[in-house]
Amino acid sequence: MNRRDLILTGAAALASGAASPAFAAPGLGGIRIPASATDSELRGLSPTGGKTYWASGSKGWIIRGEDERQDPMRIVGAEALDFRGLHAFSDDHVLAMSAGPGDASQLWRTTDGGRHWAQVAVNQDPNGFWDSIAFVDDRRGFILGDPTEGRFTVLYTADGGKSWARLPPEGVPPAADGEGAFAASNGCVAIGRHGQVAFCTGGAGRARVYFSQGGGGVFVALDTPIPADAPSKGAFAVAFGKRGELWVCGGDYKNPRGQGVNLAWLAPGSIAFQPVAAPAGYLSGISVKGETVMATGLAGTIVARDGRTFERVSEAPMNSVRLTSKKTGVLCGPKGTIGLWRG
């Protein structure tokens, strides 16, 4: 979403008819936060397996991490870019996506672990604004951009990000006035196990999830119960569970401690999102692994290890989360913050 003042600041394999998720008091372990290696506002996050991960953020900073060790690097020629999206194919092969109006949205690649970076794509639409990047596999991927000509921009690659083309706009329902996606955590696009694609929005009176069962050609728009009656409110991140259930989180980034629905889920085969009882507060990122669902934001981090009962595990403000197993995960956030969860 074209919100340059954006403050930077899961998995329940629930079958239809399962008991409603709930929340409990804190008490499920915490998040270890090593010393920050940069002052970058970190938003992009991509584990590569084991304890290794990549993170990205403002001022052109990229971090290659392994557990508590952080190796920061700054892409020469991209120092002014805000890398809000990131996808690591391996320890050495990474795509970093910057977000911003017009040609401030760019894509850079390294294939040697960050020693060298090359620009591979630049947004050619002066009215465009890239929000998030996600891949189905090593070749097929998507970039979501804010609406131009009345509809969201969905770019597709079939060659690992070397070339991109916009999917036919008529396959995406018209956007409402003021509707956009939030480039807060590289979480507003998600890929399902069978190639389903979903992205979430807000800011136009209702928070919606656009869902494509067939892999991105035709989307349907579904309302969520998350409030979106202001430009700062809506659905910020979406994630699929292992049985095809769909989770969405959000809130109000200008009021991180605000009340109201901040989490919802869509049961497999359903077309109606249901609110989920969870500790209050703005959530900008969500991740699902097995039965574990973790969501995070400026209000802190919540988790449900059974996919039903949510509890807060940290008050530390974060922006993004990626679970690496049912009991481990990595997070990132303001002022170069990296968080390590061992549940």
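**Sheets, cores and aromatic pairs in a predicted model**

Four strands, in the order β7-β8-β9-β10, form an open sheet with antiparallel pairing. The structure described here is a predicted model. The edges of this sheet are β7 (83-88) and β10 (118-122), each of which pairs on one side only. From one strand to the next, the twist averages 20°. Strand β7 runs antiparallel to β8 (residues 94-98), and five bridges join these two strands. Within this pairing, G85 has M97 of β8 as its bridge partner.

Four bridges connect β27 with strand β28 (residues 328-332) in the antiparallel sense. The bridge partner of R322 is V330, which belongs to β28. In general, the strands of a sheet pair through backbone hydrogen bonds, and the pairing may be parallel or antiparallel.

The largest nonpolar core holds 32 residues, of which L144, F152, V154, F199, L246, V248 and F273 touch the most other members. Two or more residues of this core come from each of β12 (141-148), β13 (151-157), β15 (189-191), β16 (197-200), β17 (208-212), β19 (233-240), β20 (246-252) and β21 (263-266). The element that gives the most is β16, with four residues. Another core lies apart from the largest one; it has 17 residues, including A267, V276, L283 and V293.

Aromatic rings were then considered. A search of the whole structure finds 15 aromatic pairs. One of them is formed by F199 and Y210: the ring centres are 4.6 Å apart and the planes lie at 5°, so the pair is stacked, as planes under 30 degrees apart count as stacked. This pair links distant parts of the chain, since F199 belongs to strand β16 and Y210 to strand β17, 11 residues apart. F199 has a relative accessible area of 2% and is therefore buried. Y210 also counts as buried, because its relative accessibility is 0%.

The rings of F211 and F240 provide another example. Their centres are 6.2 Å apart and their planes stand at 45°, so this pair is tilted. F211 lies in strand β17 and F240 in strand β19, so the pair ties together parts that are 29 residues apart in sequence. Both F211 and F240 are buried.

K59 is located in the loop between β4 (52-57) and β5 (61-66). Its relative accessibility is 37%, so K59 counts as partly exposed; the partly exposed class lies between the buried limit of 20% and the exposed limit of 50%. When residues up to four places away in sequence are not counted, K59 touches D39, R74, E79 and L81. With D39, the contact includes a polar one between the two side chains, at 2.9 Å. R74 is 15 residues from K59 in sequence, and the C-alpha atoms of these two residues are 8.0 Å apart in space.

Note on methods. Residues numbered from 1 in each chain as written. Predicted model: local features only at pLDDT ≥ 70, side-chain atom pairs only at ≥ 80, totals over all residues. Heavy atoms only, no water. Core = buried A, V, L, I, M, F, W, Y, C linked by side-chain atoms within 4.5 Å. Buried < 20%, exposed > 50% of the residue type's maximum accessible area, 1.4 Å probe, protein only. Pairing = 2+ DSSP bridges. Contact = heavy atoms within 4.5 Å. Polar contact = N/O pair within 3.5 Å; in protein donor to acceptor, adjacent residues only side chain to side chain. Phe/Tyr/Trp six-rings, centres within 6.5 Å; stacked < 30°, edge-to-face > 60°. Axes fitted to C-alpha atoms, helices over the stretch in contact; angles between N-to-C directions.
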